[in-house]
Amino acid sequence: MTLSVHIRGLGIYTPSRRLTNHDLTRIVDTTDEWIVSRSGIKERRIAAPGETNADLAAKAAKTALEKANVSPDEIDLLIVATASAESSVPSVACSIHHKLGLRPGIPSFDVSAACSGFLYLLQIAVQMLRSGEYHNALVVASEKLSAITDWQDRSTCVLFGDGAGAAVLAIADSNNGGAYIPSASRPSASILGTVLGSDGSKGDLLSIVPRTPPFPQPQENLPVGTHVISMNGREIFRNAVRVMSQACRDVLKKCNVQPSQLALIIPHQANLRIIDAIAGELDLPLELFKVNLDRYGNTSAASIPIALDEAIHETRLKNGDIFLLVAFGGGFTWGATLLKWNQPKI
Ligand code: ACO
């Protein structure tokens with residue numbers, strides 16, 4: 001028997017500071033019209049001075065625990081996805097293990113899969129929970145991309161933003177000791193299946209590279225980190241459409257679900273034109289796709305949980321709805337996950 005894994009609760013955190021396209025015109029030679037027409041992005045959030053990646057992650061995680069009604073000492077597995085950790089050691093996971101006061105001795109580690117990170121987290125957690133050794137997993141996707149943005153490069157600095165999303169996962173309805181019984185009052189999402197992939201041969205199309213000195217003076221109170229994102233936008237665009245469309249087809253086939261059964265698709269929020277092209281490839285209406293990149297930009301691994309949380313608040317999911325998450329990121333990496341929404345009757 002395959003054990004069913006549920007998302008018991010979701011939490012997000014987005015910094016309060018908004019950086020609009022208009023603000024960016026004071027930093028680089030660009031216009032609101034160019035950014036909106038090429039990407040769909042109108043504004044993005046920027047972490048406060050001194051606010052670290054782990055601070056964003058811990059705030060999202062705290063909300064996820066509250067939403068799931070799970071106490072920190074019930075968590076026995078912690079995994080973080082990020083491409084923008086301030087340090088590789090200690091990991092962001094170990095930093096927030098401490099910040100959240102989780103039980104000493106539980107495994108905590110970071111995963112590096114760029115924008116596909118949240119879907120990698122779900123699959124790792126599903127498999128570790130199914131092993132029977134763990135009962136409540138906390139997964140967190142957190143990015144402080146403002147610290148690795150080249151604020152002098154107009155072709156990249158208009159695209160990215162900061163934010164974090166977290167989920168508590170557990171095995172549901174099992175005879176296994178300690179399994180969680182889906183609540184009669186709280187919604188949850190059951191994970192039906194996932195496909196993941198990567199292609200290292202295209203790694204140099206998007207990378208995080210050391211910044212070439214001299215370091216510029218900080219402008220508009222924006223962070224200036226030691227590394228910056230470097231990318232070939234056109235090639236990424238082309239590959240993102242192809243790979244995300246295929247990942248959607250693959251996960252639907254794997255789970256024996258028809259595209260017409262989908263109530264909602266939550267794609268990685270990189271570019272509205274990428275999402276529009278995927279809708280065309282799959283012959284599905286754009287309205288089926290959740291879009292919030294206009295207000296957050298591309299928050300890499302955090303973009304899917306942030307968009308999912310918003311879709312839940314907008315009540316875009318009804319009991320029994322099947323929905324799909326799909327991502328593509330540097331590496332290259334990709335993934336797609338199919339889920340079912342469980343909404344208890346009140
Ligand atoms: N403002 C004004 N002009 C600009 C700007 C800007 N911010 N940035 C670039 N330009 C100029 C370029 O210099 C170029 O000028 P030129 O023709 O005189 O040389 C012109 O605009 C066209 O540039 P392109 O790069 O060809 O523009 P394109 O239509 O490809 O759009 C974009 C660029 C938005 C980056 C697009 O390729 C894209 O979104 N690619 C995907 C990248 C992405 O999503 N990366 C995120 C990480 S991976 C992931 O998350 C999936």
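Helices are DSSP runs of at least four residues, numbered from the N terminus. The model shown in these views is predicted.

**View 1. S300 lies in the loop between α9 and α10.** Helix α9 covers residues 293-296 and helix α10 covers 303-313. S300 has a relative accessible area of 5%, and it counts as buried because the cut-off is under 20%. The side chain of S300 makes a polar contact with the side chain of E143, at 3.2 Å. Apart from neighbours within four places in sequence, the residues in contact with S300 are A114, C115, E143, L145 and H268.

**View 2. I27 sits in the loop between α1 and α2.** I27 is buried, with a relative accessible area of 13%. When residues up to four places away in sequence are not counted, I27 touches W151, Q219, E220 and L222. R8 is 19 residues from I27 along the chain, and the C-alpha atoms of the two are separated by 42 Å.

**View 3. Helix α7 crosses helix α8.** Two packed helices are described by the angle between their axes and the distance between the axes. The axes of α7 (residues 233-254) and α8 (residues 272-282) come within 9 Å and cross at roughly 45 degrees, so α7 is oblique to α8. The crossing is right-handed. From α7, the contact is made by F237, A240, V241, M244, S245, C248 and R249; α8 contributes R273, I274, A277, I278, E281 and L282. Sorted by class, this contact has 9 nonpolar, 1 polar and 3 charged residues.

Key. Residues are numbered from 1 along each chain as its sequence is written. This is a predicted model: local features need pLDDT of at least 70, side-chain atom pairs count only at pLDDT 80 or more; totals for chains, interfaces and linings use all residues. Side-chain values use heavy atoms; hydrogens and water are left out. Helices (H or I, at least four residues) and strands (E, at least two) are DSSP runs, numbered from the N terminus. Buried means under 20% relative accessible area, exposed over 50%, partly exposed in between (1.4 Å probe, protein chains only). Contact means heavy atoms within 4.5 Å. Axes are lines fitted to C-alpha atoms, for helices over the stretch in contact, and angles run from 0 to 180 degrees between N-to-C directions. Angles under 35 degrees count as roughly parallel, over 145 as roughly antiparallel, 65 to 115 as roughly perpendicular and the rest as oblique. A crossing is left-handed if the near helix is turned anticlockwise from the far one by less than a right angle, and right-handed if clockwise. Ala, Val, Leu, Ile, Met, Phe, Trp, Tyr, Cys and Pro count as nonpolar, Asp, Glu, Lys and Arg as charged, and the others, Gly among them, as polar. A polar contact is a pair of N or O atoms within 3.5 Å; within protein, one must be able to donate a hydrogen and the other to accept it, and residues adjacent in sequence count only if both atoms are side-chain atoms.
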